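The entries below follow the order in which I checked things.

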Amino acid sequence: MIELIDYTIAPERAGKGLRDVDFSLSKGDVCAIRTDSPADAGTLLKALATLIHPERGSYRLEGNLLDFTDYRSLLPIKKRIGYIASDAAMISNRSIRDNLLLMRQYYENSLDVTLDKASEDLCRNFELDHLLDLRPGELTLSALRRAIATRELAKSPTMLFIEYPEDYIGLAHLDYFSKTLEALPLSEMAVAVSSDDKHFLDRFANRQVTLSAGTLKCE
Amino acid sequence: MNYIAGSIGRWAIGSLTHIIDILAFNYRMSMLFFHRPLEGRAVIRKVIVEQVYFTAVQAFGLIIPIALIMGSTLIVGFARLSGQYDLGKVMVLLVVRELGPLITAILVILRSATAVTTEVSYMVVLKEIDAIEMAGIDPMRMITLPRFIGITTAILCMFIVFDLVAIIGGYAIVWVVTYIKMGDFLGQIGKAITGADIAVSVIKALCFGVTITVTSLTHGFSPKKLMTEIPEKNPKAFIECFFYCLVVNVIISILFYL
């Protein structure tokens with residue numbers, strides 16, 4: 001499904017970046033990324049989410065080479081990606097509810113859409129239901145991250161990239177998050193997770209790669 | 001000597017690159033009018049209404065007193081200076097052709113252009129633009145188009161309000177408060193004003209709308225990683241908007257009246 005070839009990304013603020021990485025992710029893969037540098041794991045997930053332009057190398061999705069020179073060509077792909085990571089954001093001048101509904105409001109061309117049952121369940125179980133009319137800036141960091149996770153899971157993504165769920169979602173809600181992941185059609189999805197939580201990885205991952213000093217080793 | 005030449009060269013290249021960026025942004029924004037998918041119209045309409053509200057409706061409390069003060073001051077001054085028979089022409093020349101669009105533009109720059117630059121800069125730094133893209137939505141369409149339509153519409157509305165309040169309100173204040181003879185002031189205005197005056201003012205308002213939106217959004221969208229870069233962008237956007245509006249004003253005045 002996803003194929004990165006000779007993918008090279010310069011290091012950002014921290015980490016070593018990626019150097020000539022070859023990586024593939026097929027439908028049904030839940031790939032664990034183990035690393036001693038969380039920043040590099042973040043860079044790989046960001047690269048998979050097409051959020052970084054590579055210095056060198058190519059990104060193939062379902063056999064098609066992605067064109068990073070025009071961001072518009074990446075929009076239909078980004079729409080299919082669930083990205084639960086520390087640099088995922090919400091639009092600060094909209095309420096949490098509006099943020100959760102934005103994609104549907106846009107594509108269904110109506111402001112009258114309401115949260116569907118799946119989103120309501122996610123909000124209730126993530127303890128967000130009383131926070132929906134607040135702006136993102138009024139939420140605690142952990143509540144904001146749970147709201148972002150809700151938005152990404154409600155997208156029904158075909159590719160899902162998760163950065164350290166034990167930190168991002170928080171241990172208090174990790175069990176519910178795991179149950180939600182289990183309920184997703186994982187055999188139809190390509191998933192990559194960076195995590196240090198052995199229990200979480202044992203439960204979901206069916207393959208593992210190790211990222212060290214910007215290079216990737218498959219195990 | 002080499003240092004001075006190098007500095008001038010870098011400044012020239014930087015300025016040229018910036019102007020090309022603004023023109024490219026303008027081109028991309030114009031293209032949005034030709035590519036009009038059905039999806040997203042409801043969301044964009046909502047943002048347009050919000051922008052008109054923030055830029056025009058909230059500014060009426062400011063522009064009406066300014067228009068009254070300017071209108072009455074000009075009427076008093078020119079009624080004494082040039083004699084009552086030229087007053088209509090003078091008011092049309094000053095208020096409708098020049099001051100109306102310019103003062104409206106300055107108010108919009110002070111209130112909205114800086115706000116738009118700050119808002120979009122924050123969106124860039126806080127990765128909110130990425131969040132919009134991750135929803136499969138083109139940020140140019142979602143952020144730029146409604147602000148362009150909203151600000152341009154707002155300038156047009158504010159300019160009409162400014163002209164009417166400055167002329168009619170200014171006249172009413174002078175008539176009530178002073179004994180200055182103004183003759184048939186409103187009749188003189190009616191005779192002095194031509195279709196070209198109204199057309200030029202509308203064109204100026206539209207061009208100011210484009211200039212202010214494009215300049216403030218170009219600064220807003222420019223790549224930045226740190227919050228501390230945002231306060232640097234605001235004064236630059238403000239001064240550029242003001243300068244470009246003056247240039248546009250002169251060009252339109254020259255084209256129509258000389």
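**Helix pair in chain B**

I started with α1(B) and helix α8 (residues 195-221) of chain B, which pack at an angle of about 110° with their axes 9 Å apart. This is a predicted model, so I read every value here as computed. An angle from 65 to 115 degrees counts as roughly perpendicular, and α1(B) and α8(B) are therefore roughly perpendicular to each other. I noted the crossing of α1(B) past α8(B) as right-handed.

Which residues of α1(B) meet α8(B)? I listed Asp21(B), Ile22(B), Phe25(B), Asn26(B) and Met29(B) on the α1(B) side. On the α8(B) side I listed Val214(B), Thr215(B), Leu217(B) and Thr218(B). Sorted by class, this contact holds five nonpolar, three polar and one charged residues.

**α1(B) on its own**

I then checked the length of α1(B). With 33 residues at 1.5 Å a residue, α1(B) should span 48 Å, and its end C-alpha atoms are 48 Å apart, so the two agree. How many of the 33 residues of α1(B) are buried? I found one, so I wrote α1(B) down as hardly covered, given that a buried residue needs 20 or more other C-beta atoms within 10 Å.

**Tyr27(B)**

I picked Tyr27(B), which sits in helix α1 (residues 2-34) of chain B. Is Tyr27(B) buried or exposed? Tyr27(B) is exposed, because it has 10 other C-beta atoms within 10 Å and the cut-off for exposed is 12 or fewer. I also looked up Tyr27(B) against Val214(B): they are 187 residues apart in sequence, and their C-alpha atoms are 9.9 Å apart in space.

**Chain B as a whole**

I counted nine helices and zero strands in chain B. The C-alpha trace of chain B spans about 65 × 60 × 35 Å along its principal axes. Chain B has 258 residues, of which 37% count as buried. Of the contacts in chain B with a separation of 6 or more, 89% are between residues 24 or more positions apart.

**Contact with chain A**

Last, I looked at where the chains touch. The contact takes 23 residues from chain A and 20 residues from chain B. On the chain B side, α2 (41-55) and α5 (128-134) each supply at least two residues. α5(B) gives the most to that side, with six residues. By class, the side of chain B that touches chain A has 10 nonpolar, two polar and eight charged residues.

Note on methods: Residues numbered from 1 in each chain as written. Chains lettered and ligands numbered in written order. Predicted model: local features only at pLDDT ≥ 70, side-chain atom pairs only at ≥ 80, totals over all residues. Contact = placed C-beta atoms within 7 Å. Helix = DSSP H or I, 4+ residues; strand = E, 2+ residues; numbered from the N terminus. Nonpolar A, V, L, I, M, F, W, Y, C, P; charged D, E, K, R; others polar. Expected span 1.5 Å × (residues − 1). Axes fitted to C-alpha atoms, helices over the stretch in contact; angles between N-to-C directions. Parallel < 35°, antiparallel > 145°, perpendicular 65-115°, else oblique. Left-handed = near helix turned anticlockwise from the far one by under 90°.
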